[in-house]
Protein chains: 2
Amino acid sequence: MSAYKVTFTTEDGKVARTEIPSGTLLVEAARLAGVDIGQPCGGQGRCGRCIVQVIEGKVRRRSELRLTNEDVAAGYALACQTIAEGDLTISVPKQETVSRRLTSDRTAAEVRVPDRYDFHWSQTIRRYNLTLTPPSMDDQTDDWSRLTTALRIQANVPRVSGSVAFLQKIGGILREGDWRVHVILDTVADEPEAPARLIDLRPGHYEDSDPLWAAAIDIGTTTVSLWLVDLVNGQVKAQVAEYNGQIVRGEDVISRIIYASKDSGGEELQSRVLDTINGLLDIASKRVKATPASIIKATVVGNSTMIHLLLKIPPVSIRLSPFITAVNNPPPTTAHELGLNLAHDATVDCLPGVASYVGADITAGVLSSGTDASDEITLFLDVGTNGEIVLGNRDWLVTCACSAGPAFEGAGVYNGMRATDGAIEEIWINSETFEPAYRVIGASKPRGICGSGLISLMAEMFLTGLLDKGGNINLSAKTNRVRRGEHGSEYVVAWATETASDEDIVIRHVDVDNLLRAKAAIYAGYHVLAEQVGVPMESIQKMLVGGSFGKYINVEKAVQIGLLPDMPWERFEFLGNTAVKGAYYALLDRQSRERVQAIAERMTYIELSADNTFYEAFMSAMFLPHTDLARFPSVTSILESR
Amino acid sequence: MSAYKVTFTTEDGKVARTEIPSGTLLVEAARLAGVDIGQPCGGQGRCGRCIVQVIEGKVRRRSELRLTNEDVAAGYALACQTIAEGDLTISVPKQETVSRRLTSDRTAAEVRVPDRYDFHWSQTIRRYNLTLTPPSMDDQTDDWSRLTTALRIQANVPRVSGSVAFLQKIGGILREGDWRVHVILDTVADEPEAPARLIDLRPGHYEDSDPLWAAAIDIGTTTVSLWLVDLVNGQVKAQVAEYNGQIVRGEDVISRIIYASKDSGGEELQSRVLDTINGLLDIASKRVKATPASIIKATVVGNSTMIHLLLKIPPVSIRLSPFITAVNNPPPTTAHELGLNLAHDATVDCLPGVASYVGADITAGVLSSGTDASDEITLFLDVGTNGEIVLGNRDWLVTCACSAGPAFEGAGVYNGMRATDGAIEEIWINSETFEPAYRVIGASKPRGICGSGLISLMAEMFLTGLLDKGGNINLSAKTNRVRRGEHGSEYVVAWATETASDEDIVIRHVDVDNLLRAKAAIYAGYHVLAEQVGVPMESIQKMLVGGSFGKYINVEKAVQIGLLPDMPWERFEFLGNTAVKGAYYALLDRQSRERVQAIAERMTYIELSADNTFYEAFMSAMFLPHTDLARFPSVTSILESR
């Protein structure tokens, strides 16, 4: 048995060497070299905490779980799942670095500008430098006519419209710029005779390299995301997100709709979300050393209730049968009309939705995920507080929504919380001792369990026998972590001594029940949709998962509880926030904007609540992973192997 | 000499009889019958206070001064100027009634709707009854699409635009009306492909007789006038006026411009005039039992500074050479954008002006006076705080403005005041005793002298020798009313015992000087304008006088001081507020709206301040009536006859 030499270098500069036999796991080699590598999941290759980078030498990876193709190419490997096959030089990152890497938002990575992006060709926004003749006693032309004449002659723009606010500043800007100015306007690209709308007038001439700021905004029920874009080159220059300030008035759309129908409730909810967006505009524009007032265009997506609340349109009929929106396709408006702190006359374009429960976040998601252009039959699933589902390809698109409820966002679960600092986001349970290991966001003491943590917890409890098929906690399991509490049976994830609150973090039977309902609603949703259009689940060639849910979810665990369908893992793709990305595409490119319009018009909405088969499918899915185990062969084989 | 029987009946029911010889004046007959008829002017037929109505019998009128043709036809006569030629029955109105009649606004009389007015043909406003299919689970179309589809199918309106505010109410109104509603929209009449703009949505169906309210608004520097119009039949249903709330921040446009350039001064001035207009909207709509929110359209005129201040556009460049407005032809806007309390999306149309000192009040005045359509060479003079002059006919139009200053509105004159309660509005001076008689607005004790009173006073003082040609007060006149005061020579119009303030009301030499400057500016204005375009004054065939000034002015007196040109009286026509009337025409009729646009474009503005001859003409006009007496033959003949 040949012996390999292994050198470990740590981020703080420590170097350690050892010799090992062939076939040794890297964690074992590290132990021999006296280097500490954390393994919260007990070496099962599931937590990703033992990640190391192979700088030199040959290894064999048993599992690439939690690693991207780029990671593998860069030499990253899970120490607990990787075997030495030669002399090695290995770099061990600090635990904090690993922690950051695992919990950071993947979409915060650089966004690629679409290949074909060309400012002049893609945009309806134009800017022009103008040099005016100053007025004199012989030429007392008013400022507005002087400007519009220059636009006609110098920029070949025959017709323009301007707001009162534009007129309010024209005199000052013309004189401040000493009659050299530049204008920014929004044109109707395909109707040259339609008047162009003046957005801004600025003193002096611009340089071609000067940025032209615009924003793509996704208003989630829970989180508002904003990308700040330089339209000149199309690049995303800042990505920011913040909780929707409306949360204090209800965690889901239904409670917001109810609140909005109270006296001045609609007004309050509008001003809360405007405050959130305006705050994000401040932060994002500061980051690029600009001001919100320099932002001249925005696209906005969100579910239909969020768009209604943003526009202060009463959403009451969304909630009541037959579930009607006031508007699916709001007309374009301006920052001022809406109360957004962009340039006063900035174009604000709310993308079109389809129905009360399939909003612009979904049409934008279909756009950015490419579902509408796919050759393959694709299931696009966006899980937030609701689950919206789109099925189709380049030829057809159907959609439905199912009320999953906020359980996967941590609400309605005793120790549930949003995916923020202190949230347990992944859990592993030892199948013999029933002792858990967990990972906490922000590496602080745990405060609760977020959606991905709950999925992971349910899956582990089910696979270790702590939960039965029906979601009942096995009180006869040989561990003090299982107990009968005040509110029924429960399992202790973290003892009071480990937690931020000095109280046990538990999951109760009733929590499991809520989670079962949520996953059953989503599963039933895409299943019934697929059935209704005659597409068996196995013929689905691609499964795209979007939404903030999709950023943290572990596909293996989600399949194990029966939330995602049991299909080959390579068919899954996790896309993160597809909504804001779609808003970005539509912001950049008028053809994408037309495409999202076409998506909204093409998509057939199917109302599940009108359908008995949905209820049946929902009831059948109220089990772990499902009444019909044949639908989950990979889970069945795990169960059988234990 | 035959004797006639005369019966007097008074308004309070008293009946008195007498017999008189043929040729007796009616005042004498009244004295004989014991009926009191006031004669403030001493029986010179100038004050109009002795007006009576001849119910039966034949009279001969020596003078019809102060009587309209309608008055004469109705039997009205000046008792001091009318001779009995048969048995008579005469009705004597109360003094208050006479007072009201003399001081009431002539334009408050019923306004004639233009003959050709036809709602559908003249208006761009449309209203349609719609009956929608209610939504159901089988038809989840959003409210907006449901409405626009109905508009397309039921009303043949293919494209519409709606504001966010419209969307905010659509759901509520559709359901309140149980899917029977009517919409009001503003169309672009000559561009059927241009989207119609939705103004209002109301529950239920309308009846053809239901009014459709709109407002014509004239923002004067001193007074804001508003006419409330039912667009269905074109009738003016309420006329209201109020002082412009900006007055407290300056009496003339220049001081307003200066105030507007201070911190938040522009904001304050805008909100002051908005308050004034909104107050008028309240009063006018109450009078017709409607609400301001039911008013769906407004046209607005005013001088360029007033329009800038209304729109909160900084007017600073209006005041500084080369005197440039930010905009002469503001784009249409909405009530909400402006802050007017009409229907939220009501069309607000500010009519076009021509230059810094020739605004939309003048283009509207040209429209309503018909100057632009006249076969005769017409001089249109609008005297407010400024004097604006238009000369021309159907083929050509030139215009200029001269800064008359506010003297004729009572400002800059020691005992000057606006034409309101307590203002002396007409004065007669006995040429032997130099004792004055005067008429006071509101029949209260005098508080001061308004513009028409000042004109009348100057004329009388000049004709009686109390003023010389140069405007100097004749201190050697044999009356204690002429004296050397603290501030130079002065004439006492009313002794302290007669006045509201218990102080003498006087006119001082310096006041006369200010008035001379004002009248000289106006005279020089139209004179230089006429000269510049090669039209001698005597070839002017019509002299139209508009503005609040024009409502009270006595042409005879105005000629005597050299303010109006000495031409045959039948060439003069006093039109009252031509500006609000023009706004009314443009409100009613899209062809009139186009015509006012054409007027603004056709009118050539001549800047007098750039012209030396103006200064010379001004200096020559600084005399009573003028340096060149040959220009005032009628005045010369009066002077010679005395």
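**Close-up views of a predicted two-chain model**

Phe614(A) and Phe618(A) are both buried, where buried means under 20% relative accessible area, exposed over 50% and partly exposed in between, using a 1.4 Å probe and protein chains only. This is a predicted model, in which local features need pLDDT of at least 70 and side-chain atom pairs count only at pLDDT 80 or more, while totals for chains, interfaces and linings use all residues. Residues are numbered from 1 along each chain as its sequence is written, chains are lettered from A and ligands numbered from 1 in the order in which they are written, and side-chain values use heavy atoms, with hydrogens and water left out.

View 1. Over all chains, the structure holds 16 aromatic pairs. In one of them, the ring centres of Tyr523(A) and Tyr526(A) lie 5.3 Å apart with the planes at 70°, so this pair is edge-to-face. Rings of Phe, Tyr and Trp (its six-membered ring) pair if their centres lie within 6.5 Å; planes under 30 degrees apart count as stacked, over 60 as edge-to-face and the rest as tilted. The two tyrosines are separated by about one helical turn because they sit 3 residues apart in helix α14 (residues 509-532) of chain A. Helices (H or I, at least four residues) and strands (E, at least two) are DSSP runs, numbered from the N terminus. Tyr523(A) is buried at 3% relative accessible area, and Tyr526(A) is buried at 0%. For Phe614(A) and Phe618(A), the ring centres are 6.3 Å apart and the planes at 20°, so that pair is stacked. These phenylalanines lie 4 residues apart in helix α19 (residues 612-620) of chain A, again about one helical turn.

**View 2. An aromatic cluster in chain A.** Look here for Trp227(A), Tyr584(A) and Tyr585(A), which form one aromatic cluster.

**View 3. Arginine over tryptophan in chains A and B.** The charged end of Arg146(A) sits over the ring of Trp179(A), 6.0 Å from its centre. In chain B, the charged end of Arg146(B) sits over the ring of Trp179(B), also 6.0 Å from its centre. A charge sits over a ring if NZ of Lys or CZ of Arg is within 6 Å of the ring centre and within 35 degrees of the ring normal.

**View 4. Helix α12 of chain A.** This helix (residues 360-369) is mostly covered, with 10 of its 10 residues buried. Among them are Asp361(A), Ile362(A) and Leu367(A). Just after the helix, Gly370(A) takes a positive phi of about 75°.
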